[in-house]
Amino acid sequence: MIGIYDYTVILTYGNAVFSIVGMYLALTQHIVEAIFCLVFSGICDMFDGFVANTKERTKSEMCYGIQIDSLADLISFGVFPTVLGYASGLTQGIYLPLFVFYILAALIRLAHYNVTEMERKEHCDTCREYYEGLPVTSSAALIPLLFFIAGRLHIAFTLIYPAALLVIGFLFISKVKIKKVDPRKLAFGAFVGAVVAFFVR
């Protein structure tokens with residue numbers, strides 16, 4: 001069988017699996033459970049690089065890891081949020097351009113990151129301190145937070161979600177520099193937000 005199946009890519013595969021399960025849950029109207037799946041996808045993505053770096057990999061294995069990570073991210077943080085929007089009630093044709101824009105923005109952001117990361121690693125081995133554009137993984141924290149805020153303020157999620165997707169999509173492809181944050185803090189924040197959203201629904 002082609003591909004890599006050792007522990008260095010388990011979390012990356014888990015990232016994709018959680019998002020696929022989450023899309024099924026969303027389409028069967030288990031929205032809160034789908035939000036949890038988005039959070040778990042984000043947690044997997046935040047720590048997959050750390051796990052992968054615990055093993056000395058060949059150049060081929062490193063390139064595979066970069067590519068499979070971006071493909072999983074496109075599913076989880078590009079496609080999944082639009083499916084979540086559709087399942088939440090954004091079924092009118094007017095929202096189709098928004099979904100197309102959001103997914104395309106995530107795709108462009110991921111491709112840009114891959115190219116710049118490979119170029120950067122040719123010149124230095126240090127970790128980057130800033131991201132150019134909003135990382136797509138951030139949707140795993142922002143969307144659950146938005147869901148929680150909408151619930152607390154008794155605002156229909158579908159009223160604010162389109163604007164959120166539009167803003168997040170623009171931030172994906174903007175040239176704004178964003179300081180790299182400890183992934184453990186993001187993961188903890190996203191998980192707490194999802195738990196709170198579950199109990200206040």
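This report describes the fold, the nonpolar core, the surface and a few individual residues of a predicted model.

**Overall architecture**

The protein contains seven helices and two strands, and these follow one another along the sequence in the pattern α-α-α-α-β-α-α-β-α. Of its 201 residues, 43% count as buried. Among contacts in the protein with a separation of 6 or more, 82% are accounted for by residues 24 or more positions apart. The accessible surface comes to about 11100 Å², and 71% of that surface belongs to carbon and sulfur atoms.

**The nonpolar core**

The largest nonpolar core has 35 residues, and those with the most contacts inside it are Ile31, Leu84, Ile143, Phe157, Tyr161 and Phe172. Six helices, namely α1 (10–27), α2 (31–52), α3, α4 (96–121), α5 (139–152) and α6 (157–173), each supply at least two residues of this core, and α2 gives the most to it, with seven residues. For phenylalanine 157, once its neighbours within four places in sequence are left aside, the contacts are Ser88, Ile143, Leu146, Phe147 and Ala150.

Serine 76 lies in helix α3, which spans residues 59–88, and it counts as buried because its relative accessibility is 0%. Leaving aside neighbours within four places in sequence, serine 76 is in contact with Asn15, Ala16, Ser19, Leu38, Ser41 and Pro81.

Alanine 106 belongs to helix α4 and likewise counts as buried, its relative accessibility being 0%. With neighbours within four places in sequence set aside, alanine 106 is in contact with Leu74, Gly78, Val136 and Phe172. Alanine 106 and aspartate 73 are separated by 33 residues in sequence, while their C-alpha atoms are 8.6 Å apart in space.

Arginine 109 is also part of helix α4. Why does arginine 109 count as buried? Its relative accessible area is 5%, and the limit for a buried residue is under 20%, so arginine 109 falls in that class. Apart from neighbours within four places in sequence, arginine 109 is in contact with Tyr131, Glu132, Gly133, Leu134, Pro135, Val136 and Phe172. Within this set, the backbone oxygen of leucine 134 lies 3.2 Å from a polar atom of the arginine 109 side chain, and the backbone oxygen of glutamate 132 lies 3.5 Å from a polar atom of that side chain. Between arginine 109 and proline 135 there are 26 residues of sequence separation and a C-alpha to C-alpha distance of 7.6 Å.

**The surface**

Leu104, Leu107, Ile108, Leu166, Phe170 and Ile173 make a nonpolar surface patch of about 520 Å², to which α4 and α6 each supply at least two residues. One of these residues, leucine 107, lies in helix α4 and is partly exposed, with a relative accessible area of 42%.

Glutamine 29 is found in the loop between α1 and α2, where it is exposed, with a relative accessible area of 53%. Although glutamine 29 is not a glycine, it has a positive phi of about 70 degrees.

**The salt bridge**

How many salt bridges does the structure hold? The structure holds one salt bridge, formed by aspartate 6 and lysine 55, whose closest N and O atoms are 2.9 Å apart. The pair links distant parts of the chain, since aspartate 6 lies in the segment before α1 and lysine 55 in the loop between α2 and α3, 49 residues apart. Both partners count as partly exposed: aspartate 6 has 21% relative accessibility, and lysine 55 has 29%.

**Accessibility of the residues discussed**

The table gathers the relative accessibility and class of individual residues.

| Residue | Relative accessibility | Class |
|---|---|---|
| Serine 76 | 0% | buried |
| Alanine 106 | 0% | buried |
| Arginine 109 | 5% | buried |
| Aspartate 6 | 21% | partly exposed |
| Lysine 55 | 29% | partly exposed |
| Leucine 107 | 42% | partly exposed |
| Glutamine 29 | 53% | exposed |

Terms used
Residues are numbered from 1 along each chain as its sequence is written. This is a predicted model: local features need pLDDT of at least 70, side-chain atom pairs count only at pLDDT 80 or more; totals for chains, interfaces and linings use all residues. Side-chain values use heavy atoms; hydrogens and water are left out. Helices (H or I, at least four residues) and strands (E, at least two) are DSSP runs, numbered from the N terminus. Buried means under 20% relative accessible area, exposed over 50%, partly exposed in between (1.4 Å probe, protein chains only). Contact means heavy atoms within 4.5 Å. A nonpolar core is a set of buried Ala, Val, Leu, Ile, Met, Phe, Trp, Tyr and Cys residues joined through side-chain atoms within 4.5 Å. Patches are made of residues with over 30% relative accessible area and no salt bridge: like charges are joined within 9 Å, nonpolar side chains (Val, Leu, Ile, Met, Phe, Trp, Tyr) within 5 Å. Accessible areas come from the Shrake-Rupley method with a 1.4 Å probe; for residues, only the protein chains shown count as cover. A salt bridge is a side-chain nitrogen of Lys or Arg within 4 Å of a carboxyl oxygen of Asp or Glu. A polar contact is a pair of N or O atoms within 3.5 Å; within protein, one must be able to donate a hydrogen and the other to accept it, and residues adjacent in sequence count only if both atoms are side-chain atoms.
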